[in-house]
Amino acid sequence: MPLVTAPDGTRISCQLRGTGPVLVLLAGQANSHHWWDGVREDFHAARSTLTLDYRGTGDSDAPDVPYSTDLFAQDVITVLDALEIDRADVYGTSMGGRVAQKLAAHHPERVRSLILGCTSPGGRHGVERSDDVRRSLATTDPAAAQRALAALMYTPSWLATHPGPHQTMGDPTMPTHARRRHLTASRTHDAWQELPGIRARTLILHGTDDLLNPTANAPLLARRIPNARMTLLPGARHAYFEEFRGAASRLVLDFLDAMRITDR
């Protein structure tokens, strides 16, 4: 896996697989590229996929400095520049969707189309998770916290037949300081004022039963971003892209195909 050096000297690990137009896949908070294991192959019939390990995760460096979604977006640009990719489609989920918002707002010439999944505009306009959800994740019992997170990510019926381990539950190799930095980056994200400036045509996906990042954020994004359309997946929780991958991946591919036809 190649390492690309950011302007501040941080080495970022990236993974380019498949052939064809590039689809950048951006993972959730405190997760490496393994977030997309078992899903990225859905796109390889017509696309190549590019992932990266955020600083602090996977094989990337983990400097103990402030992180932000702006900084993560700049790391994506560093990777695109190093691989000589002028323009790409971008699909970000959870915190990756927040990074994707910044990427599309600050670097419109690099984003052909945008897919935002289970994410939020952040700031005072974003809809926060409930206090009950916060308490379930803040328990001092690590096993209980993991069970609570799994229940927010997946439905009980899916968990009954897929006991894990689940690649969406956080990168276990992260140092403690990086995990804190990721949490702060996600919590302090606020793209509300920038969203109307996004030029890329945008698809917003969200599960109807997502309590980790409440579903009410989806229509907020859809109304705020020009040329955006929204699809909700009935019964899906936060990891809709994995549990409901058949429907979700098809929605993404259909959207990308429509963009390709329109661009002709």
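Predicted model: local features only at pLDDT ≥ 70, side-chain atom pairs only at ≥ 80, totals over all residues.

A: Asp-8 is partly exposed, with a relative accessible area of 49%. The side chain of Asp-8 forms a salt bridge with that of Arg-55, at 2.9 Å from N to O. This pair ties together distant parts of the chain, 47 residues apart. Asp-8 lies in the loop between strand S1 (3-5) and strand S2 (11-18). Arg-55 lies in the loop between strand S4 (48-52) and helix H1 (69-82). Arg-55 is buried, at a relative accessible area of 0%. Asp-8 falls between the cut-offs of 20% and 50%, so it counts as partly exposed.

Next comes Arg-11. Its side chain meets Asp-61 in a salt bridge, with the closest N and O atoms 3.0 Å apart. Here too, distant parts of the chain are linked: Arg-11 sits in strand S2, Asp-61 in the loop between S4 and H1, 50 residues apart. Both ends are partly exposed. For Arg-11 the relative accessibility is 41%. For Asp-61 the relative accessible area is 21%.

Now a pair within a helix. Arg-250 and Asp-254 form a salt bridge, 3.0 Å from N to O. Both belong to helix H9 (residues 245-263). They are four residues apart, so about one helical turn separates them. An α-helix has 3.6 residues a turn, so residues three or four places apart point the same way. Arg-250 is partly exposed at 43%. Asp-254 is partly exposed as well, with a relative accessible area of 38%. Elsewhere, shared partners join salt bridges into one network made of Asp-8, Arg-55 and Asp-75.

What is the total? By the distance rule, the model has 14 salt bridges. Among them are the Arg-55 to Asp-8 pair, the Arg-11 to Asp-61 pair and the Arg-250 to Asp-254 pair.

Helix H2 (residues 95-106) is mostly covered, with 10 of its 12 residues buried.

Notes
Residues numbered from 1 in each chain as written. Heavy atoms only, no water. Salt bridge = Lys/Arg side-chain N within 4 Å of Asp/Glu carboxyl O. Helix = DSSP H or I, 4+ residues; strand = E, 2+ residues; numbered from the N terminus. Buried < 20%, exposed > 50% of the residue type's maximum accessible area, 1.4 Å probe, protein only.
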